[in-house]
Amino acid sequence: MSVPDDFPTVFDGTPAHARAKKLGEVKVVTAAGANQEDELIRRIDRAHVAINIRAHAHFTEGVFAACRNLKMVSIWGTGTDNVDLAAAGRHGVTVCNTPGVNANAVAEHALALMLTTARKIPRIDHEMREGKWPREMVTQLLGKTLGVFGVGGIGARVVELGRAIGMNVLAWSLQGDTKRIAAMGARPASKDEILREADVISLNLRLIPETRAFLGRKEFSLTKRTAILINTARGALVERDALVEALRKGQIAGAGLDVFHDEPIKAGDPLLTLDNVVLSPHHAGQTPEVIRDGLLRAVENIENYLKGSPTDVVVAPLK
């Protein structure tokens, strides 16, 4: 078993690591470099199972072709956009993930970004430390409209938290599941309706071909100029240049972002220069509870696979 991408480390020496050792030899690599295909191949080597910790490790056609012994990839987390799922199936590899484990933590972080962006807390805090006493108007969320794109585990919790602080919630599902949305206490709405009506827009979608560049210039042309965008899902859901342009030109009032096109974010990224953006380093799910439960679930998926009853299957081998 190989854990080729435990950098920064969260797996090494944990209860999940100890549990994995009971299944066989476990090789854990805690150094950078898994973002390079040849290095990832070298680290997986002859392993039959790989535990994928970080999204910067890309399990490509080339990786699956080279790692002929690999039969399972167990992902810590929900996102699978770093794995060529079609290639996995072709090469006889089962891919599992750990959906829902981080739902509460990520939804809480989305709420935190809503509040800090609406209240301009980071900028006001900075100005106070410079000796200023900024007394400007900020945004109250009670009574405002929250638009939620994606109502899986995280999106459903965002809906719940939005309603808890008195927001009116609109929601959209890629599957068109209006009954489920209504059962959450939200109003089903079209994409354009949400863009036009929402004071806060929260992205909680998986990154798949249908959702890549989900928001671009066309979509930002529909939003309120007072709207706030929250993205705790994937950076590529939003066109990079369109987002920067919308923030600079005041097409939206601000954004709270936990995810980016380049991670870590590059030093020259224009988002770093904008004072109407609140940034965090893709750590919405970085709580002790999420790490513990998610890693144990990833190992449990391996146990079930070895027993012949795989769980949380994203892709099964093509027959």
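# Note on the predicted model

1. His282 has a relative accessibility of 30%, so the residue counts as partly exposed (buried means under 20% relative accessible area, exposed over 50% and partly exposed in between, with a 1.4 Å probe and protein chains only). His282 sits in the loop between S12 and helix H12 (288-306), where helices (H or I, at least four residues) and strands (E, at least two) are DSSP runs numbered from the N terminus. Although His282 is not a glycine, its phi is positive, at about 50°.

2. Basis of the note. This is a predicted model, in which local features need pLDDT of at least 70 and side-chain atom pairs count only at pLDDT 80 or more, while totals for chains, interfaces and linings use all residues. Residues are numbered from 1 along each chain as its sequence is written, and side-chain values use heavy atoms, with hydrogens and water left out.

3. Further backbone points. Most residues other than glycine have a negative phi, and most peptide bonds are trans. Ala213, which is not a glycine, has a positive phi near 55°. Ala213 belongs to the loop between S9 and helix H10 (217-220) and, with a relative accessible area of 32%, is partly exposed. A cis peptide bond links Phe7 to Pro8, with omega about -10°; Pro8 lies in the loop between strand S1 (2-3) and helix H1 (15-21). Glu263 and Pro264 are also joined by a cis peptide bond, with omega about 0°, and Pro264 lies in the loop between S11 and S12.

4. The seven-stranded sheet. Seven strands make up an open sheet in the order S8-S7-S6-S9-S10-S11-S12, with parallel pairing (two strands pair if DSSP finds at least two bridges between them). At the edges are strand S8 (187-188) and S12, each of which pairs on one side only. Strand S6 (residues 145-149) runs parallel to S7 and is joined to S7 by five bridges. Leu146 stands opposite Val169 in S7.

5. Strands S3 and S4. S3 pairs with strand S4 (residues 72-75) in the parallel sense over four bridges, and the bridge partner of Asn52 in S4 is Ile75. In a regular strand the side chains alternate between the two faces of the sheet. In strand S3 (residues 49-52), Val49 and Ile51 point one way, Ala50 and Asn52 point the other way, and all are buried.

6. Nonpolar cores. The largest nonpolar core has 32 residues, of which Phe149, Phe220, Leu229 and Leu243 touch the most other members (a nonpolar core is a set of buried Ala, Val, Leu, Ile, Met, Phe, Trp, Tyr and Cys residues joined through side-chain atoms within 4.5 Å). At least two residues of this core come from each of strand S7 (168-172), helix H9 (191-197), strand S9 (200-203), helix H11 (240-249) and strand S11 (254-257). H11 gives the most, with five residues. A second, separate core has 24 residues, among them Leu113, Val148, Val159 and Met167.

7. Surroundings of Phe149. Not counting residues up to four places away in sequence, Phe149 touches Trp172, Lys191, Ile194, Leu195, Ile201, Ser202, Leu203, Asn204, Leu205 and Phe214 (contact means heavy atoms within 4.5 Å).

8. The cavity. There is one cavity of 30 Å³ or more; on a 1 Å grid over the protein atoms alone, a cavity is a set of points where a 1.4 Å probe fits but cannot get out, a pocket is an open set with protein on both sides within 12 Å along at least five of seven lines, and lining residues have an atom within 4 Å of a point. The volume of the largest cavity is about 120 Å³ (grid points are joined across faces, edges and corners, and a volume is the space filled by probe spheres set on the points). Residues lining the largest cavity include Asn231, Arg240, Leu243, His261 and Asp269. H11 supplies the largest share of this lining, three residues.

9. The second largest pocket. This pocket holds about 390 Å³ of space. Its lining has 24 residues, and the closest to its centre are Lys120, Arg123, Asp275, Asn276 and Val277. Helix H5 (103-118), helix H6 (121-129) and strand S12 (277-279) each supply at least two lining residues, and H6 gives the most, with four.

10. Glu239. This residue lies in the loop between strand S10 (228-231) and H11. Its relative accessibility is 33%, so Glu239 counts as partly exposed. Neighbours within four places in sequence aside, Glu239 is in contact with Ala213, Leu215, Gly216, Arg217 and His261.
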